[in-house]
Structures are given as C-alpha cells and as structure tokens.
Amino acid sequence: MTLTVRPYRPGDAAGIAALYSRHRDGPNPVAGGITAAQLDQELTERATALFLVAVDDERPVGTFGLFHGTGRRTARAGELIADMFFVAPAYRGGALTGRLFTDAVEWMVRSGCLVLRLTVNPANTTAFRLYRRVGCVCLGRTTPGEDGNIELHNHIPLILRSVLADLDEHARQALFDLSSFAGVTDLRDGELGSDVELVDGVRTVSYVLHLGEHRLTATVDADRGLVRSARLTSPDGAARAVGVEAPPYRVRTTTGRPPHRFTSGDLSGELDPDDGTLRVLAAGHHGPLLVSSWPGGPAGRPASWREAEPRDLTVRRVPHGVRVTERRDDAEVTGTLTLRDGVLCQEFTGAPRPGHLFQTVGLRQGVVAPGDGSRHPIGLGLGVRDASEIVAAGHRVPVGGRTAWHGPSWSVELSADTPVRLVHATLLRRTLVPGPDGVARLRTALTPRTSPAPLAPPVLAPPPGPRRIHLDAGTGGVTSWREGSVRVLRCPHPRTRTLGSNPQWRAGMWVTAETHRSDRAHGLGWGVPSPAPWHNGSPSELDCPDEGIAWQVSGPEGPGTPVRVDIRAPGAPEETVLWLTPHTPRTATVAVASGGGRHELSTDGFRQVWADAVAVRLTDGHWLHCRPADPTAATAEIVVRATPAGPLVGCAAPARSGPAWLLTVSEHGL
C-alpha cells in the first residue's frame, strides 16, 4: 500500500467518479451516479482552487476540494468552500482523513485564502464531531435547512497567518512542526449551537490554539473576516499580546439597503442592491414565483442560488424595470431587467464568458414539462433527477425545446434558445450567449391560471375501536396514536434517533417554528425541536412559553371524526410546521393532491413533494389523510420528504394565520 496525496489530474476523473458512485455514503450524491466528464466539468464550473486526491498505487481512495463556489453558495473574498471530502471506508480510522484536511489548510495559509467554509448534515454525527474537533464553528443558523445541512466556518488559517510575524522562535517552530489540526484547538462540544458572541456590537468567535506547549487565544470578527486580538501564553505561564496583521484582502459586507421594486400588473420585481438577486412576486402566490441570480463566470466568480457574494452594484430605473451595473477591477457587466405584459426580460452586456446564472421557479405544486415531451409532478427527484450536489450532471434541455411549469394559479415558461440545464425540477442553470450585437438575452413568460376548486374531504371509513392519543410534555409531542388496533404514528420514544437531517427525532407528531418555505438561503427546515421545555396546558394541549408556541389536539374518542390540531404562535416570525412520522414501511405509498392534480407516488421515487392534501398508506393498509382545516387557505401546504426511516410529513403555514389541520384515518386514499 503506497498512499500519496497530490493535486487532481484530468486522468483521475474516471476513478473518482467510480469511487463516489460505488459507496452509498459517497459525497455529493446524484441518483444514477456521475460520469468522468461530468466530474471534470463540475470542477471547472466551481472555479476550483485546489482539489486533492489520495491515491493508493494511483487508484483514487479519497478526495478534498476547495472551491470558490459550489452552485449553492459563492465564497467571499478570502474564503474557500470545502466540499467533496471523502475517504473510502477501508482507509478510514487512520491518518488519511486528517492528512487531507491538514494539507488543504496548509495550502490555504500559503495562498492567502484564509477562511474555510463547509456544510455538514448534523445527523451525521461522525462528520459533525470531526469538523468540530478541528476547530470548525457555527456562525449562522444552528438547524439544518431544506438541503439538510448546516454551515460551519474555520478561521484557523486566518489566525495563523495574521499572527505569524509576531510569534517568537519557539512558537513559530511549533507551528511549522504541526502535522495535523485535530489537536490544535480546544475541543468544542458536538451539540448544535451558535459559537458567536456579541462584543461591542460586533459578532465575534473565540479560538484557543495549542502550538506545542504554547497557548494562543484569538478573537475573530465573524462578518469581516478579521482577527480582532490575539494573546500568546508561553510554557512558563507568561502571556503577552500578539501583533496582528490584516489579511491580504477586503471582505465586502451587505449594506442592508431595501430592494429596488418595479411592477407590471399582478407581477412585481424586487432587486437586491447588494448581490443583484432578482425576485419576481405574483398575486395569489405564496413566496416568489421566480428568483434569478446575478451572472457569474470564471476567475472565481461563479453564480449561486442559495447565497451570493456582495458586489459593487449601481442601480437606476428604466421603463418597466431597472438597469444594474457591476464594476470590478477593469470589468463592467450591465443587466437590464424588465417586466412587461407577463414577460421577464433580462439583457446583459459585458457578461463573463462563459457566463451563467441560476433561476429558481417558485412553483412547489403542479407539473413540469422539462422540454423532452414528458410531464411530471413537481418535486425533487420526480421525473428530473436532483443534481444539486453535482450541477454538471443536470438534465440538459434540448436546444429550442420549451420548458414549462404549471402551478395552481401561475405558469412559468421559457425556450432553450441558449443552453439550459435543469439542476432539479425547479432549478435551472442558464448560459449567457451574446448575440451579434453583444447582448445576451433571456426571456421568461409568467402567466396567470385559473385556480382549481378546493378538494372534497376524504370519505370517512375509520377502523373500528376507540381512539387513543398520548401527548408527552417531556418529548414535546404525541408519542402514541391508535385508531382501534391501527398504529398511526411511528415514534422512537423513549429514545432519541436521527430522521433524515434531524438528529433529535423523539416524537411521532410535534410542532416547530421554521423559516419561510421559500427562504432563499435556508428553505424549510427538518423539524429539529427547540431545547426549551414544553408544558401540558391541558391533557390535550402543549405549550412552550420560551418559543411562544402552543398547540392543541382535539378529537372525540370515537374515530368517526377527524383529529384537529390547532396551532397558536403569534410571536413566531415566519412559519409553523406540524410534523408527523406516519407508521409505514420504510418505502411507503403517498397520494398527493398537487396543483389541481392527484398522483400516487412511492417514497423510493422522490426526495420531496409539496401538496394541498396528502394521504400516506400505513403499515396495516389504512391511509392517514392530512389537510388544512380551511380548504381555502392558499398559504397552507404540506411537504412530504422521503428518508431512510420512512416518510416525514410537514404541514406548513404562516405563523400569524393561526393554522389548523385535520388528520383522518380511513380505508380509502385520496
């Protein structure tokens, strides 16, 4: 066995693609796997800074990448995003994992990119604890978003580079002698929690580093990427302040300016003046109908659909819209964005070549026609495979083909006059191709539709026998629900287990406050419960005063009427979600009413689907129906996510609406 860690070579692509596809826990999973060409293209489109490959006799057995962008996010100045970190199972537990990480960090210190960002599924406790052990800190949200991950940062390269010039000879030699970062920093706990402290109005994070027998403490400005102070303690206990050098870059921060707005009929546009993101809102639609990023390109400036880098933008009004100009160094990109007669026109001059942008269609329900003659229900993994982890593996729309999404009240349509790639069912990567006049043009049609009639309630055919529902304040939810002999919910109580990206699943029905389902950076979370205590307001009610949430389960003991769940959370800022884990096999059948159509799906055929009403087939053959108590509540929707343990159902509605949900067990589906 001859293990070597070296930079990527084009000839490695086939072996790495096979490595990823061969293992179920491979990084960046895409259904069906990826090809060597797709991997190679992905590394190009991400503006890769460094891609390390561990080889055993030239056979790839591990990788670690540092990127300026991943599609989801774009790094700011001085930052790199770590991804594609993988070691084959036979090589885990040794030194290879630490060596890949250490080699990457050492390269960062030399290169001047000094802040490492990465994402991790908190339910993957092994990876989460590993990253905490090497000094990764949480600066933002501490619960996973729709993608199932939280983001961590590592400022150790920044600290070491900033203090290096003022370290004494022994401390500097100890730094150069480091072979691993696993023991450099004081251990952080493996719990989900923010590491940020507010000091003099500045968001800061503290580090304690061990350089041999020397102890270095440092405080970092989390938003500006600067070391605020550092102090070195020598082996004899003497301590002194250490001089700090500024990093060789300036981080641009957001200004918080309000968006620029323009309107055309029932459509309105909102342009973010910091990063150039355009949101198109439509009457009668909850959340944006379309979100379009600012263009990106090569040289470390890729576009992203979740989080973009702040830019130097000038915005001025033009008829029907705005004209946006970005200036950077000697380059200038101008975009004219207009809404008129139901058409969004985007015209760019000076865009980088090859330039691109991402567009997210905000229709969660309905059908998608991906331009190849087929039609599928809108959902992650339905008809169009989810390539959000490897964008280069997305579905390429045939040139000249029309792609359309038809929702309950709006349609979105576009023509693939220039290359279009469907990353998943509602996410596009569009290439900017200048015409003979040097202008790259994109057109997107946004058309209103007649909303479908509300669904009729399900036919009541309950199982015989009494209804028994048990609420437990200790778990903050329902731990048992039986309709006669039918077990309705799956629940791990009294244990706590992982469910999808939720590391703290402990009830079969519970309520959380979540971010808006169309929040660009986060999306709807995974129901991680608050650590705040719950109390029984009554035998059928749970109350969490610290979170400002109370909910009540009502239903006669006889199963002939639906169970009703009322939620009160007037102080919650965005959404409340009633979560359920139905008692089903691991692969379950789900019937959904989505966008006026009805579809019966298997959970092994999708990752996520939204609907007005849902019926899940239980283990014994009965169906659990979920729907809003008010059938006209257009802002109330239900999401079903497929997990290895079975389906997770989330009933989401704006917190201020005081939502109520009806749950019914019947012999019949939708």
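Thr584 touches Arg490, Val616, Arg617, Leu618, Thr619, Gly646 and Pro647, when residues up to four places away in sequence are not counted and contact is taken to mean heavy atoms within 4.5 Å. Thr584 is found in the loop between strand E39 (575–580) and strand E40 (589–594), where helices (H or I, at least four residues) and strands (E, at least two) are DSSP runs numbered from the N terminus. At 0% relative accessibility, Thr584 counts as buried, a term that means under 20% relative accessible area, with exposed being over 50% and partly exposed in between (1.4 Å probe, protein chains only).

The model is predicted, and local features need pLDDT of at least 70, side-chain atom pairs count only at pLDDT 80 or more, and totals for chains, interfaces and linings use all residues. Residues are numbered from 1 along each chain as its sequence is written, and side-chain values use heavy atoms, with hydrogens and water left out.

The protein chain is divided into domain 1 (114–242), domain 2 (260–448) and domain 3 (467–666), with bounds that come from an automatic or database domain assignment. The centres of domain 1 and domain 3, taken over C-alpha atoms, are separated by 38 Å, and the contact takes 10 residues from domain 1 and 16 residues from domain 3. Between them, domain 1 and domain 3 bury about 1,100 Å², 51% of it on carbon and sulfur atoms; buried area here is the accessible area (1.4 Å probe) that two parts lose on being put together, summed over both.

The largest nonpolar core has 50 residues, and those with the most contacts inside it are Tyr20, Phe51, Phe64, Leu66, Leu100 and Leu152; such a core is a set of buried Ala, Val, Leu, Ile, Met, Phe, Trp, Tyr and Cys residues joined through side-chain atoms within 4.5 Å. Because domain 1 and domain 2 both give residues to this core, it lies between them. A second, separate core of 45 residues includes Leu489, Met509, Val592 and Leu624.

The structure also holds 9 aromatic pairs, in which rings of Phe, Tyr and Trp (its six-membered ring) have centres within 6.5 Å, with planes under 30 degrees apart counted as stacked, over 60 as edge-to-face and the rest as tilted. The rings of Tyr20 and Phe86 have centres 6.2 Å apart and planes at 90°, so this pair is edge-to-face. Tyr20 in helix H1 (residues 13–22) and Phe86 in strand E4 (residues 79–87) are 66 residues apart, and their pair links distant parts of the chain. Tyr20 is buried, with a relative accessible area of 6%, and Phe86 is buried as well, with a relative accessible area of 4%. The rings of Phe64 and Phe85, with centres 4.6 Å apart and planes at 65°, also form an edge-to-face pair. Phe64 lies in strand E3 (residues 59–67) and Phe85 in strand E4, so the pair ties together parts that are 21 residues apart in sequence. Both Phe64 and Phe85 are buried, and together with Phe101 and Tyr131 they form one aromatic cluster.

Two further features concern the backbone. The peptide bond from His493 to Pro494 is cis, with omega near 15°, and Pro494 has its place in the loop between strand E31 (486–487) and strand E32 (497–499). Met84, which lies in strand E4, has a phi near 55°, a positive value in a residue other than glycine.
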